[in-house]
Amino acid sequence: MHRRLRLPSGFGLAVCCACGGRQLPAPPRAEACKVVSLSIVATNDVHGQLERLPIVAGFVNNLKKARPDSGVLLVDAGDAFQGTIESNMNEGAAVIAAYRAMGYAAFTLGNHEFDFGPEGPANRPLGPGDDLHGALKRRIAEAPFAVLAANLLDASGRPPMWPHLTASTEVTVRGVRIGLVGVLTENAAEVIKRPNFDDLRAAPMAPATVREATALRKGGADLIVVLAHEGGECTRFDDPLDTSSCNPNSEIFRYARALPHGMVDVIVGGHKNAGVAHVVAGIPVVHAPSNLLAFSRVDLTFDPATRRLVDSRVFPPHPVCTVPMEAGCNPGIYEGAPVVADGATAAAIKPALDAARELREKMLGVVVEAPFPAAKHGETALANLFADIMREAVPGSDVSLGNAGSVRDVLPEGELTFGKLHHVMPFDNELARVELTGAELTQALEGSLTDEAHGEPAISGLRVKGECANGALKVTLTHPDGAAVRDDEKLTLATSDYLALGGDKLLTPLHLSDARVVLDTGKSVRDALITGMQKRRSLRPTDPALFDPDHPRIKLPGMCPVRCPK
């Protein structure tokens with residue numbers, strides 16, 4: 001299922017003709033040109049960072065001005081809506097407004113697009129008439145560009161029949177036809193809060209891509225660009241052909257290798273808070289770190305005479321700001337000129353920024369004495385603080401767990417505002433209480449600490465020690481006084497509804513009955529954090545009660561995920 005989209009003149013793709021070594025004006029038909037030059041500019045994991053979008057639009061404007069005979073295709077690889085007050089308040093409508101002003105050609109669904117659940121304040125259905133996907137369906141309907149999900153299936157195994165949602169699309173400008181396919185991470189069910197994905201599933205990405213790309217090629221598409229909400233991790237970007245700094249087993253690399261040679265011309269990824277700008281199995285694969293810290297770019301040269309791609313150039317992720325956004329965001333020079341924020345995009349997001357300003361600037365009466373670092377892997381004072389407060393907020397709890405992905409950024413120094421806290425923990429999760437045994441918690445932690453996908457959880461109330469034995473990780477739990485937790489000991493766990501309902505697969509292997517999972521719908525995790533921080537009044541990351549490197553709460557035989565030698 002795909003649709004064709006013809007962009008208006010001056011939008012999306014244009015044509016560059018290089019004849020006899022000199023630039024000539026574009027003729028009426030692309031077929032008369034020797035080559036066509038195209039730039040794909042891509043964003044991913046924007047997470048509602050509205051204030052950065054006019055700046056990104058400024059980069060795109062500079063590119064168009066510097067290369068007036070070249071085309072610019074602007075696309076996004078998902079997780080655009082959820083993450084900031086100004087976007088969450090309108091469930092992503094402000095992002096759609098900005099993307100409309102910027103001229104995006106296509107967008108693929110990410111896992112966090114499902115976070116809002118029904119339209120309105122409830123983030124999961126509370127009554128029989130609530131639509132699990134009401135907020136997302138409204139955003140899709142509002143988008144003037146293609147919204148893609150080729151591997152999204154409903155309970156019957158068919159694509160969901162949502163208006164304006166499609167598996168692929170085609171952009172045609174001056175004879176150059178580009179097929180666009182969108183796919184969602186295959187582990188979507190593990191990273192989307194139940195029940196917001198219970199009636200859906202994500203099929204394998206490669207077969208869905210091959211199906212759509214084959215149909216697009218047969219229909220006449222010259223190039224295929226995939227928007228894949230899946231990613232990898234690399235640390236060096238000086239040579240796109242050198243992947244030695246990358247995780248070779250990352251999902252986006254395995255996906256690229258699974259595609260038939262020549263089927264796909266570019267993959268735009270996302271999902272991971274890391275960058276990729278490399279050639280994998282002959283395919284340029286790009287994505288930038290999350291929260292719009294940077295954007296990606298791939299330049300293509302197409303020969304309309306042979307209808308073939310003749311060259312590509314992969315650029316490193318380009319920072320949006322040369323100084324932090326809080327310090328004013330100097331975007332610097334791009335394509336030979338200073339980058340100026342785009343006025344039309346700024347006007348599109350202004351109502352949302354104005355509506356969120358009062359809540360964002362609300363003072364919480366808490367002083368952060370020094371920045372609290374954040375990290376997905378390894379124990380941090382910030383994650384431990386959050387775990388401590390959750391345990392305090394659920395009366396009678398013995399232990400609490402927080403997932404690594406819920407802490408999104410550094411907690412900055414100074415007077416704490418609601419906006420700063422929301423930026424660090426943007427998810428509207430609720431507190432939950434889970435009844436389980438010592439043996440069950442041990443089993444859950446052994447699985448989590450060896451899971452590459454999700455990072456180690458934060459814990460409060462118990463100590464965890466992991467050791468390798470017979471090629472497997474064995475976990476022992478102790479109380480603060482050093483007493484061992486018995487296998488049959490009954491424990492009350494405080495956590496988020498995300499983890500309690502199966503998020504990150506932490507508790508899924510335990511097959512807990514519904515009676516053992518109690519959701520406190522009257523108390524959100526964020527509200528509990530505010531109350532707990534206000535009781536403390538001041539926060540210090542070097543407080544040994546939060547993190548003592550010599551006596552960590554979780555002691556492992558190596559970095560998480562733990563790999564025990566066979």
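How many salt bridges does the count come to? The total is 27, taking a salt bridge as a side-chain nitrogen of Lys or Arg within 4 Å of a carboxyl oxygen of Asp or Glu.

A word on the ground rules. This is a predicted model, where local features need pLDDT of at least 70, side-chain atom pairs count only at pLDDT 80 or more, and totals for chains, interfaces and linings use all residues. Residues are numbered from 1 along each chain as its sequence is written, and side-chain values use heavy atoms, with hydrogens and water left out.

| Pair | Closest N and O atoms |
|---|---|
| R67 and D299 | 3.8 Å |
| E190 and K505 | 3.6 Å |
| E335 and R297 | 2.8 Å |

Take R67 and D299, which form a salt bridge. R67 sits in the loop between α1 (53–66) and β5 (71–76) and D299 in strand β17 (residues 294–303), so the pair ties together parts that are 232 residues apart in sequence. Helices (H or I, at least four residues) and strands (E, at least two) are DSSP runs, numbered from the N terminus. On accessibility, buried means under 20% relative accessible area, exposed over 50%, and partly exposed in between (1.4 Å probe, protein chains only). R67 is partly exposed at 23%, while D299 is buried at 9%.

E335 is partly exposed at 34%, whereas R297 is buried at 4%. Through shared partners, salt bridges join R67, R297, D299 and E335 into one network.

A cavity here is a set of points, on a 1 Å grid over the protein atoms alone, where a 1.4 Å probe fits but cannot get out; lining residues have an atom within 4 Å of a point. Grid points are joined across faces, edges and corners, and a volume is the space filled by probe spheres set on the points. There are four cavities of 30 Å³ or more. The largest has a volume of about 260 Å³ and is lined by 28 residues, with G402, N403, S406, V407 and A458 nearest its centre. Helix α9 gives the largest share of that lining, four residues.

The second largest cavity comes in at about 70 Å³, and its lining includes N403, H454 and D504.

Methods
1 Å grid on protein atoms, 1.4 Å probe; cavity = no way out; pocket = protein on both sides within 12 Å on 5 of 7 lines; lining within 4 Å.
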